[in-house]
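Subject: Handover of a structure, with findings

Dear colleague,

Please find below the sequence and the structure that I am handing over to you. My findings follow directly after them.

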Amino acid sequence: MDRRSFTLGSLGLAASLAAPVPARAQGAYRGPNVVLVRFGGGVRRAETIDEAATWAPYLRHSLAPRGTFVPDLRIDKLEGVNTSHAEGTLNLLTGRYLAYRDASEFLQDRLEPTEPTLFEYLRRSFDIPSHQVLLINGERPQEEFFTFGAGDHFGIDVRSEMLSLHRYKLYRTRMQLAEGGLTDEARVALEEERTRLLTTDPRGATPDPSPQVEAFWARWRQGFGDDGLRNPRGDRLLTELATRAMTELQPRLMMVNYQDPDYVHWGNPSHYTRAIAVIDEGLQRLVSLADADPFYRDNTIFVITPDCGRDANPLAEVPFQHHFNSRSAHEVWAVIFGPGIGKGVVDTPIDQSAVAPTIAAAMGFAATRAEGTAIEGAFL
Ligand SMILES: [Zn+2]
């Protein structure tokens with residue numbers, strides 16, 4: 001029995017996966033919910049999983065012992081692999097390296113997947129509406145491209161939906177223009193704002209969000225208004241979007257793309273460590289909600305892992321960037337817990353391409369184009 005069938009067999013899924021992946025959705029999804037948290041913006045092990053030095057004590061001391069802890073997850077040192085945010089995120093979502101292409105015409109750093117993402121595999125394997133397969137993003141426009149790939153066999157019909165401040169602004173400007181009652185000046189300003197938003201993200205308004213996501217934004221607007229001053233900022237906003245989404249939309253697969261530790265590129269190292277602590281607080285809210293809500297309790301797997309590491313260069317002005325292909329920029333980790341997941345520390349190196357197949361195995365589909373295999377020993 002090879003590693004793959006061992007892992008799947010131990011989940012009781014080998015039989016259902018022996019057949020080729022069907023071309024179309026094949027019925028209701030009955031597996032566990034999965035919340036994939038990108039502990040993102042690039043973090044080093046030193047400030048996150050080091051037992052004594054961590055700035056994320058909830059992650060390290062409460063969550064890691066709840067399941068499978070992979071302290072030595074690695075981004076492979078392949079030719080052309082960048083240790084960066086979009087790249088690492090797409091490694092996590094496709095289970096491959098370099099499975100993207102540059103989608104930018106005028107702006108830098110727009111990668112779109114060229115291989116199926118977990119969202120697409122899941123919706124192709126099961127009948128799950130788009131609003132229950134969610135990507136929660138910050139406001140970086142380069143991350144608005146991850147909801148579906150550019151390949152022939154997967155794509156827009158099996159995409160996830162995205163919740164981000166950018167998407168909210170698209171909703172708000174559309175509604176405000178439709179509602180009318182504006183002065184000429186206000187209308188022109190709004191039209192300009194909307195044009196700017198659509199230029200940043202040409203795919204943002206195509207197709208329109210589902211009615212459920214429209215209703216989500218209507219409630220958000222009621223709560224936070226049109227001025228943009230009342231909603232939380234940065235990664236706290238992602239936590240707010242994610243917890244509301246869990247309550248209101250009940251996603252079966254949700255990825256939360258935290259990113260603020262990356263502000264260390266431009267500033268003081270304390271921005272980095274504070275941002276790690278803010279993500280740790282976000283994790284507490286997400287996990288507490290899942291532990292308390294009957295829809296999630298005992299039926300939800302959390303997978304927490306960074307997009308990339310950061311450099312460790314004490315001589316540089318800002319000692320930890322992540323663009324120098326250094327060893328510690330390749331060094332990440334993963335914490336996985338929930339029903340069916342074993343407890344313990346994986347004491348061998350695991351490749352980052354294992355994350356997508358592990359999630360696939362937990363949810364009962366095969367990420368057929370992934371290069372990695374599910375983490376051996378992660379499952380009970
Ligand atoms: Zn960065």
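I begin with a pair of packed helices: the axes of α10 and α11 lie 9 Å apart and meet at an angle of about 10 degrees. (Axes are lines fitted to C-alpha atoms, for helices over the stretch in contact, and angles run from 0 to 180 degrees between N-to-C directions.) Because of this angle, α10 is roughly parallel to α11; angles under 35 degrees count as roughly parallel, over 145 as roughly antiparallel, 65 to 115 as roughly perpendicular and the rest as oblique. On the side of α10, the contact is made by Asp-235, Arg-236, Leu-238, Thr-239, Ala-242, Thr-243 and Met-246, and on the side of α11 by Ala-275, Val-278, Ile-279, Gly-282, Arg-285, Leu-286 and Leu-289. By type, the residues of this contact are 8 nonpolar, 3 polar and 3 charged. (Ala, Val, Leu, Ile, Met, Phe, Trp, Tyr, Cys and Pro count as nonpolar, Asp, Glu, Lys and Arg as charged, and the others, Gly among them, as polar.) Two residues are in contact if their C-beta atoms, placed from the backbone, lie within 7 Å.

Please note that this is a predicted model, in which local features need pLDDT of at least 70 and side-chain atom pairs count only at pLDDT 80 or more, while totals for chains, interfaces and linings use all residues. Residues are numbered from 1 along each chain as its sequence is written.

The chain as a whole

The chain has 13 helices and 11 strands; these are DSSP runs numbered from the N terminus, helices being H or I of at least four residues and strands E of at least two. Of the 380 residues in the chain, 49% are buried. A residue is buried if 20 or more other C-beta atoms lie within 10 Å of its own, exposed if 12 or fewer, and partly exposed in between, with C-beta atoms placed from the backbone. Among contacts between residues at least 6 apart in sequence, 72% join residues at least 24 apart.

Helix α10

Helix α10 covers residues 234-249, and its 16 residues should span 22 Å at 1.5 Å a residue, which agrees with the 22 Å between its end C-alpha atoms. (The expected span is 1.5 Å times one less than the number of residues.) Its buried residues are Asp-235, Leu-237, Leu-238, Thr-239, Leu-241, Ala-242, Ala-245, Met-246 and Leu-249. Among the elements that cover them are β5 (133-136), β6 (161-163), α7 (165-179) and α9 (211-224). After α10 comes Gln-250, with a positive phi near 50 degrees.

The nonpolar core

The largest nonpolar core has 98 residues, and those with the most contacts inside it are Leu-118, Ile-136, Val-303, Ile-304, Ile-359 and Ala-360. Such a core is a set of buried Ala, Val, Leu, Ile, Met, Phe, Trp, Tyr and Cys residues joined through C-beta atoms within 7 Å. Helix α11 gives the largest share of this core, 10 residues. Leaving aside neighbours within four places in sequence, Ile-136 is in contact with residues including Leu-163, Leu-238, Leu-241, Ala-242, Ala-245 and Met-254.

Beyond four places in sequence, the contacts of Ala-356 include Leu-92, Leu-93, Leu-118 and Ala-367. Just after α13, Gly-364 takes a positive phi of about 90 degrees.

Helix α6 (residues 118-125) is likewise largely enclosed, because 8 of its 8 residues are buried. They pack against α5, β5, β7 and α13.

Residues in loops and at the exterior

Leu-98 has a positive phi near 60 degrees, although it is not glycine. This residue lies in the loop between α5 (85-94) and β3 (100-102), and its 17 C-beta neighbours inside 10 Å make it partly exposed. Asp-298, also other than glycine, has a positive phi near 60 degrees. Asp-298 is in the loop between α11 and β8 (300-305) and counts as exposed, with 10 C-beta neighbours inside 10 Å. Glu-192, in helix α8 (residues 184-200), counts as exposed with 11 such neighbours.

Yours sincerely
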